[in-house]
Amino acid sequence: MSVDVPRRIVLLRHAKADWPQVSDHERPLAERGRQDAPLAGRRLVEAGIAPELTLCSTAVRTRETWKLVVHELPHRPKTVYEERLYEASLGELLALLNETPDDVSELLVVGHNPGMHALADALAGEAEEGTRERMAKSGFPTSALAVVTFSGSWKSVEHGVGRLSDFWAPHE
């Protein structure tokens, strides 16, 4: 696949988590999270997004979110459970994107805040009208997703490389 092919990155924050007496990594979804996650999956379908690869944090809440989202998709993409996504800094997230194989044109990342918001903001050199403002106003809540498009190799992903083409949150 040519490196000039248009590519799409979808950044999905995990659904609403519960706060039981477990470590942060082991926190499960709350009831609202179990209701909202499928809505995010339906939004992906409505938007015509068909990821070829999903990188999902190993935290319980992200894995549970992905399980509910993927159930809504017509085809299950290859999924890699990536422990480096948990508590990842912006630099670490960019490094993970740079490792994506160039035969992937659509990538979905299921992760956490503040990383998902920071990454969407950093990648978006441009934005569709109103999307950046909606994302900033909402604060990138649980089950929210941002779509960033760019052209080029995954190794070239850096600050300002893309266009924020969509932002969605279940309760916006």
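Me: Why is threonine 62 called buried?
Reply: This is a predicted model, and in it threonine 62 has a relative accessible area of 0%. Buried means under 20%, so threonine 62 is buried.

Me: What makes alanine 59 and threonine 62 a polar contact?
Reply: The backbone oxygen of alanine 59 lies 2.7 Å from a polar atom of the threonine 62 side chain. Threonine 62 itself sits in helix H2, residues 60-70.

Me: Which residues is threonine 62 in contact with, leaving aside neighbours within four places in sequence?
Reply: Those would be His14, Cys56, Ser57, Val110, Gly111 and His112. Threonine 62 and histidine 112 are 50 residues apart in sequence, yet 7.9 Å apart in space, C-alpha to C-alpha.

Me: Okay, how do you know whether glutamate 87 is buried or exposed?
Reply: Check its relative accessibility, which is 62%. Exposed means over 50%, so glutamate 87 counts as exposed. You'll find it in the loop between strand S3 (78-81) and H3, with a positive phi near 60°.

Me: And serine 143, buried or exposed?
Reply: Serine 143 has 0% relative accessibility. With the buried cut-off at under 20%, serine 143 therefore counts as buried. Serine 143 lies in the loop between helix H5 (131-138) and S6, and its phi is positive too, about 70°, although it is not a glycine.

Conventions
Residues numbered from 1 in each chain as written. Predicted model: local features only at pLDDT ≥ 70, side-chain atom pairs only at ≥ 80, totals over all residues. Heavy atoms only, no water. Helix = DSSP H or I, 4+ residues; strand = E, 2+ residues; numbered from the N terminus. Buried < 20%, exposed > 50% of the residue type's maximum accessible area, 1.4 Å probe, protein only. Contact = heavy atoms within 4.5 Å. Polar contact = N/O pair within 3.5 Å; in protein donor to acceptor, adjacent residues only side chain to side chain.
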